[in-house]
Structure formats: structure tokens, C-alpha cells
Amino acid sequence: MDLRHLRTFVAVAEERSFSRAADRLQVVQSAVSATIRALEREWGVTLFHRTTHRVELSVEGRTLLPDVRTALAAADAVGHAVDEVHGGLRGTLRLGIMQASAVPEGRSAGTLLSAFRAEHPAVEVEVRQDGSVTQAAAVRSGALDLAMVGMPDRDLVGLRSVPLVDGGMALACAPGHPLAARPAVTLADLRDEAFADLPPTWSIRVIVDRAFAAAGTTRRVRHEINDMGTVVDFVRHGLAVAIVPRTVADDAGVVFVPIVPEAPRFLVRLVAPVDRPVSAVARAFIATAERIGRDADAV
């Protein structure tokens with residue numbers, strides 16, 4: 001086998017389609033099919049179950065996929081090291097990002113990527129935006145090299161992390177809301193309020209759900225929305241309340257009320273795997289993120 005065969009296997013596994021894998025690899029579909037058949041003959045296993053409409057990994061394919069990704073990561077690390085020896089970093093970084101509205105400007109994905117591109121212009125960056133639970137799982141599996149996630153350290157088993165943000169959260173409500181004039185609220189005060197929030201796998205939703213559970217109370221999520229800007233817009237127009245990071249607090253149309261006795265905390269981490277080599281490209285991005293964080297703390 002060669003590395004192209006392994007990359008083809010991973011592409012089909014991730015795309016769940018021979019045609020989409022062919023588009024991604026920029027080859028004809030027949031070449032992808034032939035490569036998978038050759039791997040199956042060589043390894044003596046069935047890698048995929050194929051139907052007219054679906055392509056799914058077999059049990060053997062799911063078992064082999066993590067090791068194949070590890071092998072490819074090791075090969076990429078060697079290639080990146082060679083590039084460094086020759087004086088220039090090249091390659092591709094697969095990065096999971098968060099919504100910019102939830103992260104301070106100085107540490108947003110755009111800030112980090114802009115600085116990284118200035119330092120390493122030959123590196124291609126592929127970004128994917130999703131919920132933090134999904135992003136962390138993608139780093140563990142090897143589908144992503146690194147990801148920005150909003151999760152506490154206890155949820156980052158199998159990952160190492162670089163802190164980016166550690167900030168408080170507050171209740172956001174419209175200026176005319178009955179709670180807007182309160183000096184502070186407890187989570188129990190909010191059990192009858194209609195909330196707007198992100199989907200269940202997004203970090204802010206996970207943090208707030210856990211805070212209510214820990215306080216022994218409940219709440220009602222009336223509007224489930226997949227971007228923070230729309231959540232705040234619903235709050236501004238009196239359609240719901242929300243608990244959001246204080247980094248969103250520079251919105252004149254929303255009142256922010258402190259939560260007592262202890263407000264939930266919004267933690268953003270840049271995570272990398274601990275069970276496989278981290279490429280030179282990923283190491284360089286981590287170094288950029290650490291530098292940006294130090295610079296922001298010094299301001």
C-alpha cells in the first residue's frame with residue numbers, strides 16, 4: 001500500500017460517499033473504487049458496506065480507521081519536518097472553530113488565523129464550525145488536527161489544551177423585561193422564563209444546562225438557534241432571555257444581569273490529541289495561539 005491508498009480510505013470514511021471522496025481527492029470515482037477494492041484484498045477485510053444510496057464503514061473499517069489516521073499523521077509530521085529543514089512550513093491544518101461572537105476579538109478564530117497566515121503563508125487551513133462536543137470528538141478521532149472548544153477540562157479526556165478564554169456569563173434580557181432592573185438573579189429565579197439557546201452539543205448550551213442541573217432547578221428552552229447573534233437578537237426583541245458570555249455584553253439593546261451566588265463560566269480551549277503525533281503545522285498554530293493569548297493578557 002502507499003499513503004495515497006490510506007488517504008483514499010479516510011476520505012471515503014469521512015465523506016460516506018465514493019463520489020464525494022473522488023471530488024475531495026480530485027480523482028475520478030472509478031479510481032477511488034479501485035483503490036478501496038485493492039485495500040480490501042490486501043488486508044483481507046470488507047471496509048465498507050455499499051448500497052445504492054449509502055456507504056457505511058464496516059466493523060473492520062471502524063476498527064482500522066483510527067490507526068490509519070495515526071499513520072497518516074505520522075507521515076505528515078515527517079513531511080512537515082522536512083519542510084522546516086528546508087526553511088519553510090507547508091502543509092494543511094484542519095481546524096475546528098467557534099462562533100466569533102462568543103469569543104473576545106483578541107482571541108477569535110479570525111485573530112488567530114490572521115496572525116498564523118502572516119507567519120506561515122504557505123500553510124493551507126481548512127476550517128469547520130460545529131458544536132464543541134462534536135469538535136472535541138473530531139480531534140480525538142483524527143478528523144481534525146486542532147479545535148477551539150468551550151468546555152471545562154474534565155470534558156477533555158484524551159486531549160491536551162491551551163487556555164484561550166476564561167470569562168463569566170450573565171443573564172441577557174430586553175430593557176423592558178421585569179428582571180432587567182434587578183441587581184442580580186439566581187438560576188431558580190429563571191425557571192419559568194422562556195429561553196433562547198444554542199443546540200445541545202454547543203458549548204454554551206452544555207455549560208448552562210449543567211449549571212441549572214447543579215443548582216437543582218430547570219428551565220424552558222423555547223427557541224433553539226444555532227448562532228449567537230440570532231440568540232441575542234431574540235433577546236433584544238423581548239422574545240426570550242438567555243445566559244451568555246460577558247464578551248457579548250457590548251450590545252446596547254440588551255441588559256445584562258449578574259447571576260448569583262456563582263455565575264457559570266465560559267472556558268475556551270484550543271485542543272490537540274494526546275495519543276498521536278501532532279504535526280509541525282499544528283505545533284506552529286498552537287505556538288501562535290499561545291503568543292496571541294500572552295499578548296492579550298498583557299494589554
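D275 has a relative accessible area of 58% and counts as exposed; here buried means under 20%, exposed over 50% and partly exposed in between, computed with a 1.4 Å probe on protein chains only. The model is predicted, so local features need pLDDT of at least 70 and side-chain atom pairs count only at pLDDT 80 or more, while totals for chains, interfaces and linings use all residues. Residues are numbered from 1 along each chain as its sequence is written, and side-chain values use heavy atoms, with hydrogens and water left out.

The protein contains nine helices and eleven strands, assigned as DSSP runs (helices: H or I, at least four residues; strands: E, at least two) and numbered from the N terminus. Of its 299 residues, 47% are buried. Along the principal axes, the C-alpha atoms fill a box of roughly 70 × 50 × 30 Å. Among contacts (heavy atoms within 4.5 Å) between residues at least 6 apart in sequence, 72% join residues at least 24 apart.

A salt bridge is counted where a side-chain nitrogen of Lys or Arg lies within 4 Å of a carboxyl oxygen of Asp or Glu. By this rule the model has 20 salt bridges. In one of them, the side chains of E119 and R291 meet with an N to O distance of 2.1 Å. E119 belongs to helix 5 (residues 109–119) and R291 to helix 9 (residues 280–298), so this pair ties together parts 172 residues apart in sequence. E119 is partly exposed at a relative accessible area of 35%, and R291 is partly exposed at 29%.

R269 and D153 form another salt bridge, with their closest N and O atoms 3.2 Å apart. R269 is located in strand 11 (residues 265–273), whereas D153 is in the loop between strand 5 (146–149) and strand 6 (159–173); the pair therefore ties together parts 116 residues apart in sequence. R269 is buried at 9% relative accessibility, while D153 is partly exposed at 47%.

D275 itself pairs with R276, the closest N and O atoms of this salt bridge being 3.8 Å apart. R276 is buried, with a relative accessible area of 12%.

The axes of helix 1 (residues 3–15) and helix 2 (residues 18–25) come within 8 Å and cross at roughly 125 degrees. Axes are lines fitted to C-alpha atoms over the stretch in contact, and angles run from 0 to 180 degrees between N-to-C directions. Helix 1 is therefore oblique to helix 2, given that angles under 35 degrees count as roughly parallel, over 145 as roughly antiparallel, 65 to 115 as roughly perpendicular and the rest as oblique. R7, T8, V10, A11, V12, E14 and E15 of helix 1 meet F18, R20, A21, R24 and L25 of helix 2. By class, this contact has six nonpolar, one polar and five charged residues.

M148, in strand 5, is buried at 1% relative accessibility. Leaving aside residues up to four places away in sequence, M148 touches G96, I97, M98, R107, S108, A109, L112, L164, V268, R269 and L270.

Definitions and conventions:
Nonpolar A, V, L, I, M, F, W, Y, C, P; charged D, E, K, R; others polar.
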